[in-house]
4 protein chains.
Amino acid sequence: MKRILVATGGGDCPGLNAVIRAIVKRASQEKDWEVLGSIQAFNGILWEPQEIVRLDEKAVAGIHYRGGTIIETTNKGGPFTWPFKKADGTWDVADRSEEMIRKLQYMNIDAVINIGGDGSQRISQRLFEMGLPIIGVPKTIDNDLSSTDMTFGFQTAVQVATEAVDKLVTTAQSHNRVFIVEVMGRNAGWIALHSAVAGGAEVCLIPEIEYDIEKVLESIEKRFQHNRGFCIIVMAEGAKPKGGTVVGAQPDEPGYENFRLHGASVYLREALKNAGCQHDIRETILGHLQRGGVPIAYDRVLASRFGEKAVELVKEGKFGQMVSFRFPNIIDVSIKEAISQPNFVTMDNDLLKAARGLGITFGD
Amino acid sequence: MKRILVATGGGDCPGLNAVIRAIVKRASQEKDWEVLGSIQAFNGILWEPQEIVRLDEKAVAGIHYRGGTIIETTNKGGPFTWPFKKADGTWDVADRSEEMIRKLQYMNIDAVINIGGDGSQRISQRLFEMGLPIIGVPKTIDNDLSSTDMTFGFQTAVQVATEAVDKLVTTAQSHNRVFIVEVMGRNAGWIALHSAVAGGAEVCLIPEIEYDIEKVLESIEKRFQHNRGFCIIVMAEGAKPKGGTVVGAQPDEPGYENFRLHGASVYLREALKNAGCQHDIRETILGHLQRGGVPIAYDRVLASRFGEKAVELVKEGKFGQMVSFRFPNIIDVSIKEAISQPNFVTMDNDLLKAARGLGITFGD
Amino acid sequence: MKRILVATGGGDCPGLNAVIRAIVKRASQEKDWEVLGSIQAFNGILWEPQEIVRLDEKAVAGIHYRGGTIIETTNKGGPFTWPFKKADGTWDVADRSEEMIRKLQYMNIDAVINIGGDGSQRISQRLFEMGLPIIGVPKTIDNDLSSTDMTFGFQTAVQVATEAVDKLVTTAQSHNRVFIVEVMGRNAGWIALHSAVAGGAEVCLIPEIEYDIEKVLESIEKRFQHNRGFCIIVMAEGAKPKGGTVVGAQPDEPGYENFRLHGASVYLREALKNAGCQHDIRETILGHLQRGGVPIAYDRVLASRFGEKAVELVKEGKFGQMVSFRFPNIIDVSIKEAISQPNFVTMDNDLLKAARGLGITFGD
Amino acid sequence: MKRILVATGGGDCPGLNAVIRAIVKRASQEKDWEVLGSIQAFNGILWEPQEIVRLDEKAVAGIHYRGGTIIETTNKGGPFTWPFKKADGTWDVADRSEEMIRKLQYMNIDAVINIGGDGSQRISQRLFEMGLPIIGVPKTIDNDLSSTDMTFGFQTAVQVATEAVDKLVTTAQSHNRVFIVEVMGRNAGWIALHSAVAGGAEVCLIPEIEYDIEKVLESIEKRFQHNRGFCIIVMAEGAKPKGGTVVGAQPDEPGYENFRLHGASVYLREALKNAGCQHDIRETILGHLQRGGVPIAYDRVLASRFGEKAVELVKEGKFGQMVSFRFPNIIDVSIKEAISQPNFVTMDNDLLKAARGLGITFGD
């Protein structure tokens, strides 16, 4: 008999519920194993009264095709940085990690499965070092983790972005317009790169390659003849113009606040107009549409395998490990090592080179 | 033997291509009838060289499931307001309508089918009064025309908006957030009203009902207990707060420019925060995603019937008429009368009352 | 304070859950109104122990975008034909209607809302005549009821069928094939007619028009030149060949059993081959794919309005009435009259004539 | 200056058009390179008159989001087995490979890119051995090739199958039914395995594991209590019962013809009833719905990379090679070696083990 506690932290991601369901399904194959869920990451353990839910087969029935997470998630609080109001009315944070571990012992928790990104896994590692039997399940919709071939949610985000491009192509064509589609990716351009290739965009702007507005303009003009034509630009929210080439792009320049406020695509539109673009330019910011909704089959399979493997690791007592996909297997890697290896688009990346081969320009 | 010329004007709308295909399919049932298309509304006739394309069965194969219009569209130019540069370098507009009618006669055009909204049909009426044999096909994605039970494109826009709400519900739930979904509708709230009911939103804000920010806040708070809960607000881009209640809503107030620039949902977010809303609020502006993409079956059926009927009217010589849907038939109405009858959400509208019955609040 | 009991009977239909949710949402606007659900139509009342569930706001949260019905449905049992085993081991049916009404009184049920088709509403009428305060909500995915402009579920079925046609068009083109898509409709051809127009099919076969295999073959051949081309046939499951033209079509002919077993599309394929069709012919039977899944926005709006209106009728005490859509309002009609008015495709139907105008052939 | 000829052979597969578009896009980056397409695999070269089309950027605009192949495909004919009628009226096949190579030389073709499966690549290899400069692009919707980590089209088929399961779950639940979903896979169970995990099925039957009908029945019964419950079975079209356990499963047994005629799912339904299953059982055969339609983003990215790489190989003169995906790169492998290495589900496959861990039974 074992009692497992599950938590989900950070931004939501299509596939979270499939991981939770798989953990419950796998645990139900063992005699008398129980699964509990802590509401809003670890906060449910620390709240008074606690918010802990029983996750049995009935609770997880059909959740694999629902977006979000049934045990909620948050970026606030957590065992090491619990906010509290001081006597003078200002706020501070407290370390409640030892208290939390004591509470988990009191609850007879044998293992914790922590599903979350970078920040969440750093917490996992610290708790593991304090003696908590914990397993990590990676979650990053940006797919920016080199310790796994793929993370769940990414392909769904790419699919949503690609379907948006498909929709905008027909309206762009009909109106002879330039369309900018702003997708997720503050530091990693993977969603932009994949959806630009899948959607057949002409221009792709990513955080890893600073763009030259003149080069972007040149690519646009190639697509128009006598004012007829259209152009699709897929850009990551973190894409930035080349240092200093455009006023407002740098923190110490006038207009910078506007740049941050409006987002990358609105900034680009204005920059293109300032650079002399005569065409009608429109932008669409996909935002949360990429996070919500039904995960595609690919992500459900990956998420289900992650959840199943996490329980295997509990059974084997391999704590401090994180599940990972190394084609064609799900393996485990050390949380400690995993969290220090980001995965960005490099200049020699095979897909980037293919995209260039297909005529997609990156503004460099 | 007849030669029909088709034009599409104004913003694109899912189903335009289905109308075009139906016109061609119907005409091909008659002996030696031909269909031509003018590129970018009537501009293709006036340009030198002209941009006129042959629309035969091959040209329209499979276009009914594509968004946009294969003969392009525009809001610029037109026979009555053709822009030209004067000797002093400034721009003016010229009336080229008589020239255009002569050109159509020279091209042996027997009938013109003009697919377009309010503005386009006003042009149709003027041309008809000048003697041009013209048939109108109504196009308004907002469904704001009382002379027809329904216009094509509307149900696709509602579907896109509803799917967006579905996606945002799961992320709202997972993060305990308030989500504002901004949909089309500058003057008419039909898309917002339909998608709020279909998506199960809690609040719906439309141009026809000025909202009281306190009432909106109240509706939000009802959905939260101890900071847990979520709330979906569907709002039309033209929804406005009650006169004077919030600084910046009126043209003569500071911040008004910001209100126009950011759009209705960003404005609402700020207004809610200013009114004391403590919850995390996010907004998504659907924009062009509602116009592009594959029309749903409902719109393809309606658009196909409109196109088919338009050719029937050509055959019957009923010029100056516009096709219209009066369940269960497609009929024809006078263009002149049709364009003067808008259709807004009224306080006694049956759907509005049903929405209130379902607990949806409109901020009044 | 009122207590309403809801039941769903007959085949499931997209939108059932939206009706249920709307009933609960509307009832929650009244002080102390309660909603209960009987599992599997009225069977839940008659079973021992009973299967009655409380339908509060939590129970119906988010169900409007789920197919099926959370209170289950069935075609078996019912108050007038309850199956029981006789002493001699054979089965008979008993009339338990009076017992059921007594039980409902004992449960303090003030009103029953019965969501169901033809058969279910006949039961409603009989129970109403026995004194039960009952309201009907029509449910027929075939849209074959003349007392309402539209029934929920129909547009979703048409959408699913149309998307299937879209998918099959590309494979038909690539392989130069004839594809038969068999859709629902035993007696009414509405789904076939709408999806044939929306999908751009060349042939549409419906129960209301017996088809001549030679005419179908002729339509196919027109689409091929030198063995290249393709043809899409949308056919209702109830479409039948002209009397006697093909061996096996009539009950007293050899091969009839095969015809019934294989379905209309397999029969047609064989008949086409026997009639000399040399092209590769494939068929796809959509079956239950048309019933399941997420209802489109149109159906959710209609279903929500039906549910809301049903509770209005309870409030007004208008028992024995059925909700109905008469554009643009939801009205109520007498159940008694409603169930006697089917709605089939007639030869002068406007949509049928438009389909012919578009070049679609019906095999007559 | 180079002239490349492209051909697509075998069953169509989502992503074929994305490969073709990528070839054209990549070739257009080189000075004066041309791309031609042969209609219906190599048949277009051999027909008189030939059917060869120019594939320039205009011809491939927007085709990446369309299913099928714009240059058509076929399983008939081919250079080594060209059918012809002998003097005595019977049919025979001729080897026209040398003639075809001569024709390609006459057409100044510098390289051939052959997109196709097993059979097509065997033809590629033979032509390569005869001296034709040829590059292979693998195409198998079943993903049954060990020389590449993934083939395009597979994930789209899994997505379609999973969406079908999602739809059938709601109707199964509402009616307390057993649903059998028959998916593609004559010899390899990958589509069934992936969609069973993604869809949350209870039973998965694949060609690699003969099923015991009693075990399947047992799994079904576990899902029902007092006749309430439901069960989803995903089965490959090639799934077979254990040798001899059911009459009709073997070629020399009565009923075998029926088994072949009706397909695996109809057979299973009857076998379950014969074995005593009392529940309502329905089956859905997805068939061609899995091949058609819009490829998902994953497949478009993979297909685009395959096409781009194929042109790279032409540039490098690496003929006789086939493109292949070895995460994260697209590489090339020898066609000769590639075609001899199938990829079936083995008992120690990691995904199969995970599926069992999740409680999915395979009837063994």
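This is a predicted model: local features need pLDDT of at least 70, side-chain atom pairs count only at pLDDT 80 or more; totals for chains, interfaces and linings use all residues.
Modeller: Residues are numbered from 1 along each chain as its sequence is written, and chains are lettered from A in the order in which they are written, with ligands numbered from 1.

Biologist: What makes chain A and chain D count as being in contact?

Modeller: Two residues are in contact if their C-beta atoms, placed from the backbone, lie within 7 Å, and 39 residues of chain A are in contact with 39 residues of chain D. On the side of chain A that touches chain D, the largest share, 8 residues, comes from α11(A).

Biologist: How do you know that chain A and chain C are not joined?

Modeller: No contact joins chain A and chain C, and their closest C-alpha atoms lie 11 Å apart; chain B and chain D likewise do not touch, with nearest C-alpha atoms 11 Å apart.

Biologist: Why are α11(A) and α13(D) called roughly perpendicular?

Modeller: Their axes, which are lines fitted to C-alpha atoms over the stretch in contact, with angles from 0 to 180 degrees between N-to-C directions, come within 10 Å and cross at roughly 75 degrees. Angles of 65 to 115 degrees count as roughly perpendicular, and α11(A) and α13(D) are therefore described that way. The contact is made by A:R305, A:E308 and A:E312 of α11(A) together with D:L351, D:A354 and D:G357 of α13(D).

Notes:
Helices (H or I, at least four residues) and strands (E, at least two) are DSSP runs, numbered from the N terminus. Angles under 35 degrees count as roughly parallel, over 145 as roughly antiparallel, 65 to 115 as roughly perpendicular and the rest as oblique.
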